[in-house]
Amino acid sequence: MAESESLETITEHERILQEIESTDTACVGPTLRSVYDDQPNAHKRFMEKLDARIRNHDREIEKMCNFHHQGFVDAITELLKVRADAKKLMGQVSDTNRRLQDAGREVTVQTEEVIRCRVQQSNMATTVEKLQLCIPVLEMYSKLREQLESKRYYSALKTMEQLENIYIPRVSQYRFCQIMAETLPKLREEIKEISMSDLKDFLESIRKHSDKIGETAMRQAQQHRTFNSAVHKQVTLSCAKPLYGLNGRTALHHNGLITEETVDEEETDEEVLTVQDLVDFSPVYRCLHIYAVLGDRETFENYYRKQRKKQARLVLQPQSNMHETVEGYRKYFNQIVGFFVVEDHILHATQGLVTRAFTDELWNMALSKIIAVLRTHSSYCTDPDLVLELKNLIVIFAETLQGYGFPVNRLFDLLFEVRGQYNETLLKKWALVFREIFEQDNYSPIPVDTEEEYKSVINRFPFHDAEIEKQQFPKKLPMSQSVPQIYSQVKEFIYASLKFSESLHRSSTEIDDMLRKSTNLLLTRTLSCCLQNLIKKTHIGLTELVQIIINTTHLEQACKYLEDFITNVTNVSPETIHTTRLYGLSTFKDARHAAEGEIYTKLNQKIDEFFQLADYEWGMAESDGRASGYLMDLINFLRSTFQVFTHLPGKVAQTACMSACKHLATSLMQMLLDTELKQISMGAIQQFNLDVIQCELFASSEPVPGFQGDTLQLAFIDLRQLLDLFMVWDWSTYLADYGQPTSKYLRVNPSTALALLEKMKDTSKKNNIFSQFRKNDHDRQKLIETVVKQLRSLVNGMSQHS
């Protein structure tokens with residue numbers, strides 16, 4: 001057992017020794033530690049083993065040294081021999097080295113200079129190479145600065161793009177390029193701000209110059225319209241009769257060409273200006289390109305459209321006193337036209353900055369505002385000339401914008417509303433004209449002393465009378481001076497109304513219909529009202545009323561000539577189905593009837609004035625034997641008045657005469673039965689009877705021809721029967737025949753007889769008028785009382801029956 005353990009220990013020590021011999025000394029530690037980790041005292045045996053191994057190696061070294069000793073000795077001997085030669089060689093080498101150093105020192109200096117030059121040359125080549133890369137960058141940046149200074153911003157942006165994409169990346173390692181690259185975005189923002197500032201200046205400029213732009217555009221449209229009108233007139237004159245010309249210009253034919261007498265030669269010679277000639281649009285183009293290059297086009301478009309909408313609202317805001325002068329309207333239209341001319345140019349000159357939908361939206365908004373403004377302000381216009389000028393401006397305004405593609409039908413529809421306002425102002429103006437004519441008229445037949453004077457009247461008014469034409473000069477025409485004046489003014493009204501109908505894009509039939517309707521308004525409303533007011537004026541007497549009736553008769557007859565006049569100016573046949581007829585006949589008939597009624601009224605008023613002069617002595621014992629003075633004056637007045645009525649139609653004069661006699665009879669009856677008249681004597685009755693006799697004589701004298709038999713005398717039949725009853729004192733017959741158709745006193749009412757009889761009875765009691773009856777025949781008094789009782793019973797019976 002012990003032998004086996006010893007053998008293992010020896011084997012292990014052998015392994016450790018081999019490991020120590022073959023292992024680096026730095027790694028011996030773990031191996032040696034294993035010696036101490038084994039059995040106790042193992043290290044002693046290991047040390048013994050190690051010593052033995054060292055002794056073996058020493059013996060081998062000794063053997064090897066002994067084997068090589070002789071060779072070593074020989075080598076040392078040889079080395080000693082070479083030592084002397086080596087010293088000699090060393091001296092030679094040192095001498096050679098010294099000489100070589102002395103000889104190469106200059107070469108070294110030159111070589112170092114060459115090396116230095118080569119380095120400089122290399123550096124210069126490198127610098128030139130780098131500069132060749134940097135110089136284009138600097139040149140482009142310098143070019144960029146020049147472009148910015150000269151305000152060529154679009155080119156500057158292109159240069160920036162080249163710098164960023166091509167030049168700067170080549171030399172991006174240099175600091176100045178980094179600074180340059182950092183500067184470019186700031187320059188872009190600066191360009192955006194500058195271009196936006198230019199755009200704002202442009203917007204402000206076109207806002208100020210819109211008036212001039214619109215004025216130029218409208219003037220060109222007016223010239224174009226005038227030229228087309230002249231061409232149309234030339235065609236019309238060469239093909240058919242002329243219709244009418246109211247624009248103050250006459251188209252002449254000269255060598256087959258058209259010339260216009262009133263067109264300013266300066267205007268025709270002027271160079272045709274366009275919107276580009278009046279406005280510099282480069283700020284818009286430049287700003288648009290700049291924002292497009294910067295990729296911010298949408299922002300620019302939104303800003304431009306927003307600003308233009310604001311400007312549109314400002315342009316569409318009229319001045320408060322615009323309606324006072326045509327210049328106010330002209331300036332308003334010029335600004336609007338200028339605005340949309342600019343927008344139309346922007347629409348066609350740029351791609352997408354404004355679209356057709358945007359301009360249509362602006363126009364629709366503007367059109368609604370324009371129509372509302374014109375409706376409001378035109379309603380303030382009281383001068384037809386101003387309304388007509390406004391219409392012409394609207395037409396030119398509409399045609400100008402229509403030429404730029406904007407729809408303007410609503411403007412022409414508006415003109416029909418304005419036409420109504422125009423007609424109203426015309427009617428008011430002509431009402432003043434008619435009123436002035438009536439005020440200046442002398443209401444007497446027109447005297448003509450010569451043929452020239454006669455023709456002068458006939459040229460102004462269509463009057464034809466064979467009998468008057470046969471008369472010798474001097475002679476008188478039946479109408480007064482106002483008739484030809486009224487007729488001429490109606491024609492002038494038609495012309496004035498026709499002026500508004502020009503250029504409304506309406507057919508001749510529609511124009512004819514409008515003219516006839518407006519003329520009807522003039523006749524049925526304005527002229528009729530003037531006539532009615534004239535007739536009602538207090539200073540218009542019977543003579544004037546008679547002349548007014550004569551005048552209206554002639555004006556009524558002239559209505560057919562007015563219709564022919566309208567037909568001539570519109571060239572529309574009166575046989576057209578929808579042709580409106582003039583209502584002048586009814587107008588003048590109504591005026592004539594009003595004048596006739598006023599004649600009847602004034603006659604009655606005059607009769608009442610005479611009756612106010614009546615001064616009966618109702619208690620007189622007996623009559624004067626002659627009619628009252630006031631009544632004779634009244635009859636003389638009626639005679640002279642009815643002589644003036646000879647020019648009136650027969651029925652009018654007869655009606656006036658019958659009305660006057662009836663009113664005269666009624667007034668006499670009312671005077672006799674006046675409730676304030678308490679007493680009346682038989683002498684007063686006799687005096688009153690004389691006055692009634694004069695009235696009957698006047699009626700029988702036929703003051704107005706045409707009455708049949710005693711028709712006019714029947715107006716006094718009630719008075720006659722009543723007075724006869726009292727004068728004859730025929731009560732028995734009256735009471736016996738009362739109610740019979742053949743009664744002699746059929747027209748005497750019991751209440752009337754009773755009222756008068758009671759007035760006489762009261763008088764007999766106080767003034768003893770009937771004293772002779774009491775003395776001679778007391779039965780007569782009883783008869784009166786009996787008659788009174790019977791009359792009262794008749795009156796009571798009538799009231800119960802009714």
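This is a predicted model: local features need pLDDT of at least 70, side-chain atom pairs count only at pLDDT 80 or more; totals for chains, interfaces and linings use all residues.
**Exercise 1.** Work out how helices H10 and H11 run relative to each other, and what kinds of residues make their contact.

*Solution.* Start with the geometry: the axes of H10 (residues 326–349) and H11 (residues 356–378) come within 11 Å and cross at roughly 175 degrees. Angles over 145 degrees count as roughly antiparallel, so H10 is roughly antiparallel to H11. Next, pick out the residues in contact. On the H10 side they include Tyr329, Phe333, Ile336 and Phe340; on the H11 side, Leu362, Trp363, Ala366 and Ile370 are among them. Finally, sort the contact by class: there are 14 nonpolar, 4 polar and 3 charged residues.

**Exercise 2.** Find out whether Asp512 is buried or exposed, and what its side chain touches.

*Solution.* First, locate Asp512: look in helix H17 (residues 508–536). Its relative accessibility is 2%. Buried means under 20%, so Asp512 counts as buried. Now check its side chain, which makes a polar contact with the side chain of Arg516 at 2.7 Å.

**Exercise 3.** Classify the ring pair of Tyr495 and Phe565, then say which parts it ties together.

*Solution.* The whole structure has 29 aromatic pairs. In this one, the ring centres of Tyr495 and Phe565 are 5.3 Å apart and the planes sit at 85 degrees. Planes over 60 degrees apart count as edge-to-face, so that's the label for this pair. Tyr495 belongs to helix H16 (residues 482–501) and Phe565 to helix H19 (residues 559–570), so the pair ties together parts 70 residues apart in sequence. As for accessibility, Tyr495 is partly exposed at 28%, while Phe565 is buried at 12%.

Definitions and conventions: Residues are numbered from 1 along each chain as its sequence is written. Side-chain values use heavy atoms; hydrogens and water are left out. Axes are lines fitted to C-alpha atoms, for helices over the stretch in contact, and angles run from 0 to 180 degrees between N-to-C directions. Helices (H or I, at least four residues) and strands (E, at least two) are DSSP runs, numbered from the N terminus. Angles under 35 degrees count as roughly parallel, over 145 as roughly antiparallel, 65 to 115 as roughly perpendicular and the rest as oblique. Contact means heavy atoms within 4.5 Å. Ala, Val, Leu, Ile, Met, Phe, Trp, Tyr, Cys and Pro count as nonpolar, Asp, Glu, Lys and Arg as charged, and the others, Gly among them, as polar. Buried means under 20% relative accessible area, exposed over 50%, partly exposed in between (1.4 Å probe, protein chains only). A polar contact is a pair of N or O atoms within 3.5 Å; within protein, one must be able to donate a hydrogen and the other to accept it, and residues adjacent in sequence count only if both atoms are side-chain atoms. Rings of Phe, Tyr and Trp (its six-membered ring) pair if their centres lie within 6.5 Å; planes under 30 degrees apart count as stacked, over 60 as edge-to-face and the rest as tilted.
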